[in-house]
Amino acid sequence: MPDIPGAARAWWLTTWCSGRYLLGTLVAATVTLAAVPVLCVPSLAQAWTEQHRRRAGALLGQPVEPRPRAARRNLGWLVTQVVTGLPAGALALLLLGSLILTPVITLLWWAFPSAPWLPVVSHRITGWGTALPLGLVNLVVLAALSAIAFPLLARAHARCCLAVLAPSPAERLVERVTELTRTRTDVLQAHSAELRRIERDLHDGTQARLVAIAMRLAVAGESLSDNPDTAAVLVRQAHAETEDAMTELRSVIRTIYPPVLADQGLSGALGTLTTRAGVPTRIDIGPLGEIPAAVEAVAYFAVTEALANIARHSRATKASVHVTRNGALLRAQITDNGTGGAHATRGSGLDGMRRRAAALDGTMEITSPPGGPTVITVELPCA
């Protein structure tokens, strides 16, 4: 059975949002018409058009990314906004005014100097017998017209806005090259920092332990004939140092390329990872096929960082990891029922995930409203 109250709420919300958008469009078109000389200034035109792109994207539920300045396209939108926004907004205002006027005429018909008429389905009102039925019919007709016209007009205007202001293929190419240049620079810097960290870990940790082992064994060799007990103690200490050095070396290797990926592949590595997560985690992995090692590593570290953040910050009681492959695109989605509010701010682990993904021409999106849930989606090309 359909959920009638839920459908009514959705209808009301859609009509309300569309009507508000159209009235805002009418105001914006009026302002544009009155202030064309001012809005022709490139910086002001860019800010004005970007504001309307965001409004249109919010109405259509589409993300709107910042775009490079395009003076000719911005000026073209000023004309389009006036041509389309004034009639669409005027029609919305007319319907809204009729909706407000109808109950006023219906209830106060007797106060008019002559018998009034209602806006749509009308007849001269001479008494309550005609006022109440005609008022109800007019309200129903106007509400139905608003429910049909408002969303259609608002969505058509929003699509027109996004189409007129969409970046050209050349601008998209320039933006893409700029983004790739920036991400490659980030990767090179991160790679250099990683190499310095590995060198420091090996020099200060593993190498120091190996030197200590060599010295202990040398002393043990010299004292073996004269003091075998001391030599035995030194050999045992050298053996313990060897175990510690091996542990440190495995830790360093794990940060370069997790051995579990080489041993079990991405599916097995993620399965092992979720069993050690700080919250109960459900994992769902589809057929992945053969994946490049670099993509496997980025996907593994992304899920690792996401689960670590869930355990540390989210106050979640459960999480899920869903990994699929659609053609040449690997998609990993990590969800938790925590408190939300996650942001990929500069310097955070989430920002590191985003930069790792961007280095492979991939993307990372975060949906984390206050109160949750948090959904992190990482998409990586496998070709």
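Colleague: Which residues of helix 10 are buried?

Modeller: In helix 10, Leu350, Asp351, Gly352, Met353, Ala357, Ala358 and Ala359 are buried, where buried means under 20% relative accessible area, exposed means over 50% and partly exposed lies in between, with a 1.4 Å probe and protein chains only. A helix here is a DSSP run of H or I with at least four residues, a strand is a run of E with at least two, and both are numbered from the N terminus. This is a predicted model, in which local features need pLDDT of at least 70, side-chain atom pairs count only at pLDDT 80 or more, and totals for chains, interfaces and linings use all residues. Residues are numbered from 1 along each chain as its sequence is written, and side-chain values use heavy atoms, with hydrogens and water left out. Just after helix 10, Asp361 takes a positive phi of about 65°.

Colleague: What makes a group of residues a nonpolar core, and how many residues does the largest one have?

Modeller: A nonpolar core is a set of buried Ala, Val, Leu, Ile, Met, Phe, Trp, Tyr and Cys residues joined through side-chain atoms within 4.5 Å. The largest in this model has 35 residues, and those with the most contacts inside it are Leu266, Tyr300, Val303, Leu330, Met353 and Val378. Two or more residues each come from helix 8 (259-275), helix 9 (293-314), strand 2 (319-326), strand 3 (329-336), helix 10 (349-359) and strand 5 (374-381). Helix 9 gives the largest share, eleven residues. Val378, with residues up to four places away in sequence not counted, touches Ala302, Leu330, Arg331, Ala332, Met353, Ala357, Thr363 and Met364, and a contact means heavy atoms within 4.5 Å. Apart from this core lies another, of 16 residues, among them Ala56, Leu142, Phe150 and Ala154.

Colleague: Why is the pair of Tyr300 and Phe301 called edge-to-face?

Modeller: Rings of Phe, Tyr and Trp (its six-membered ring) pair if their centres lie within 6.5 Å, and planes under 30 degrees apart count as stacked, over 60 as edge-to-face and the rest as tilted. The rings of Tyr300 and Phe301 have their centres 5.8 Å apart and their planes at 70°, so the pair meets the distance limit and is edge-to-face. By this rule the count comes to one aromatic pair, and both Tyr300 and Phe301 are buried.

Colleague: Why is Ser146 called buried, and what does its side chain reach?

Modeller: Ser146, in helix 5, has 2% relative accessibility and therefore counts as buried, since that value is under 20%. Its side chain reaches the backbone oxygen of Leu142 at 2.9 Å. A polar contact is a pair of N or O atoms within 3.5 Å; within protein, one must be able to donate a hydrogen and the other to accept it, and residues adjacent in sequence count only if both atoms are side-chain atoms. Beyond four places in sequence, Ser146 touches Thr15, Leu95, Leu99 and Pro151.

Colleague: Where is Ser98 found, and why does it count as buried?

Modeller: Ser98 is found in helix 4 (residues 71-107), and it is buried because its relative accessible area is 12%, under the 20% limit. The side chain of Ser98 reaches the backbone oxygen of Leu94 at 2.9 Å, and Ser98 touches Pro119 and Leu142 when residues up to four places away in sequence are not counted.

Colleague: Where is Arg315 placed, and why is it called exposed?

Modeller: Arg315 is in the loop between helix 9 and strand 2, and it is exposed because its relative accessible area of 73% is over 50%. Phi of Arg315 is near 60°, a positive value in a residue other than glycine. Most residues other than glycine have a negative phi.
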